[in-house]
Amino acid sequence: MSAFLCFTKNMIIILDLNMNIVQVNDQYLTFSELSKEDLIGRNILEKWTSNHFHP
């Protein structure tokens, strides 16, 4: 799974059952201009209701 995240050109976000972000790949980080620390553990719906997460 880790190799797939690293080598694909697609943006990937992996969520748990509660819609919390558990993994993102580098393409998504580049697109979002956020770090993994900003995203991991946050609920994906927070991202869509604001421009950026506020840690």
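**Note on the predicted model**

1. Leu45 is partly exposed, with a relative accessible area of 45%; partly exposed covers the range between buried (under 20%) and exposed (over 50%), with a 1.4 Å probe and protein chains only. Leu45 sits in helix H4, residues 44–49.

2. This is a predicted model, in which local features need pLDDT of at least 70, side-chain atom pairs count only at pLDDT 80 or more, and totals for chains, interfaces and linings use all residues. Residues are numbered from 1 along each chain as its sequence is written, and side-chain values use heavy atoms, leaving out hydrogens and water.

3. Four helices and two strands make up the elements of the protein chain, in the order α-β-β-α-α-α from the N terminus. Helices (H or I, at least four residues) and strands (E, at least two) are DSSP runs, numbered from the N terminus.

4. The protein chain has 55 residues, and 27% of them count as buried.

5. Met19 lies in the loop between strand E1 (13–15) and strand E2 (21–24). Its phi is positive, about 70 degrees, although Met19 is not a glycine. Met19 counts as partly exposed, at 33% relative accessibility.

6. Glu33 also has a positive phi, near 60 degrees, and is a residue other than glycine. Most residues other than glycine have a negative phi. Glu33 is found in the loop between helix H2 (26–32) and helix H3 (36–39) and counts as exposed, at 67% relative accessibility.
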